[in-house]
Amino acid sequence: MRAQHHAVLTAMLRRAQWQEALQVLGQMSEDQIRPNVVSYNCASSACAKKSRWQQSWQLLREMETKKVWPDAKSFGACASAAEKSHRWTLALQLLREQERLQVRLGQHVASAVISSCGHAGRWQHSVFVFHQLQRTGVTPNRHVLCSVVTALGAAKRWRAALATLAAELGEAAELTDVALQGAVMSTLSSAQQWQQALEQLLRPEAASPRVVPAPLVTSFLRGMGLASQWLLALVIFHQLRVPLRTRPDTPTMNAAMGCAAAGQAWKVALAILKDMKKQDSTKPNVASFNAAVLAAAVASQWQVALAMLPAMRDHHLQPDTVTFNTLIHALERAGEWRRCLLLLNCSMGLEARNTLLGPVLLRRVLRDELSCGAMFAVCQSTCVVLGE
């Protein structure tokens, strides 16, 4: 019977059906089948997939009261839930519980706790957990290294991030892991260490000397865009593409359009979007069109931004909240409040319209540019069009 319940729990875990998993766990007790550590781990992992940290933590506490001793996977599931929910204090508490129950610290838990603390700006705690893992005699894997480098990078501690990698991998080690390269690139870019970022980007790869991995280029472009170095980023991106030193994917092209948006270079963004449509490996998605809409919007080209809507339909893509937020603000800045209403009429649900429409019209009323009577008439016509 327990095997049957475990098969059901495994299926619930695979589908991230945390509520159903908890029900199966409760049903086991009703059927007088004592859940074991595997049963609890499946249910806790299902909760973690949906960031249900309270339920995952409760299951961990319940295990001890029912004399089911948690293992590394039990703490790993709870740590994942804490990480996804940005509960860094809970993540540290898990470490104390793990030590109390004499469960050895593993890579999964360490990576999750380091990441949780890093997201909260608690880089000192991240480094402490990293060294704690080292003291257990475990060699940190790529996930742990990425987590600690990212945590230090977010705190602008790029020298410490590079020193940590050098100490772990060796000064002359070839950094060939793409995920680690991306973490280092983001760290250097956010710290405005352009020269070192470029050296990292253009470093020849052992496996393929002429090709720079697309995720690495994406990290570089995003970092440069956020730091307002959009022109340099686009120049380097072009130099990498011409001799085929990189094979950009959709995220890479989106990041390049983001750089163009940062510099109000809307024509460049549209040219990149046009290139994406020509290649199977860079099919544009909603984020691609959102980047193009943003580039046109920040350059006060609201007509161009609006033209992205039919283009999205041609690609069988549905605009999302980001699309309409960007368009609404662009139209508002241009004084095109009637177009704001028309745009909301054709696409948004009532809840979204109330969220976006209210501030737009209210600002115009407060500036005496739209009378209350006119606003009422327009809103009334809006309801008629929508059948509300």
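**Reading the assignments in a predicted model**

Modeller: Lys 49 is found in helix 3, residues 37-49. Helices (H or I, at least four residues) and strands (E, at least two) are DSSP runs, numbered from the N terminus. The model is a predicted one, in which local features need pLDDT of at least 70 and side-chain atom pairs count only at pLDDT 80 or more, while totals for chains, interfaces and linings use all residues. Residues are numbered from 1 along each chain as its sequence is written, and side-chain values use heavy atoms, leaving out hydrogens and water.

Colleague: Why is Lys 49 called partly exposed?

Modeller: Buried means under 20% relative accessible area and exposed over 50%, with partly exposed in between (1.4 Å probe, protein chains only). Lys 49 has a relative accessible area of 41%, so the term is partly exposed.

Colleague: What makes Cys 47 buried?

Modeller: The relative accessible area of Cys 47 is 0%, which falls under the 20% limit, so this residue is buried. Cys 146, at 13%, also counts as buried.

Colleague: How many disulfides does a search of the whole structure find?

Modeller: The search finds zero disulfides, a disulfide being a pair of cysteine sulfur atoms within 2.5 Å. For Cys 47, the closest cysteine sulfur is that of Cys 78, at 9.5 Å, which is too far for a bond.

Colleague: Why is the contact of Arg 61 and Glu 97 called a salt bridge?

Modeller: A salt bridge is a side-chain nitrogen of Lys or Arg within 4 Å of a carboxyl oxygen of Asp or Glu. The N to O distance of Arg 61 and Glu 97 is 2.9 Å, so the pair meets that definition. Because Arg 61 lies in helix 4 (residues 53-65) and Glu 97 in helix 6 (residues 88-100), the pair ties together parts that are 36 residues apart in sequence. Arg 61 is partly exposed at 37%, whereas Glu 97 is buried at 14%.

Colleague: Which residues are linked with this pair in a network of salt bridges?

Modeller: The network links Arg 61, Glu 64, Glu 97 and Arg 100. The side chains of Glu 64 and Arg 100 meet in a salt bridge of 2.9 Å, N to O. Glu 64 lies in helix 4 and Arg 100 in helix 6, so parts 36 residues apart in sequence are tied together here.

Colleague: What makes the contact of Glu 336 with Arg 339 a salt bridge?

Modeller: Their closest N and O atoms are 3.0 Å apart, within the 4 Å limit, so the term applies. Glu 336 is partly exposed at 24%, as is Arg 339 at 39%.
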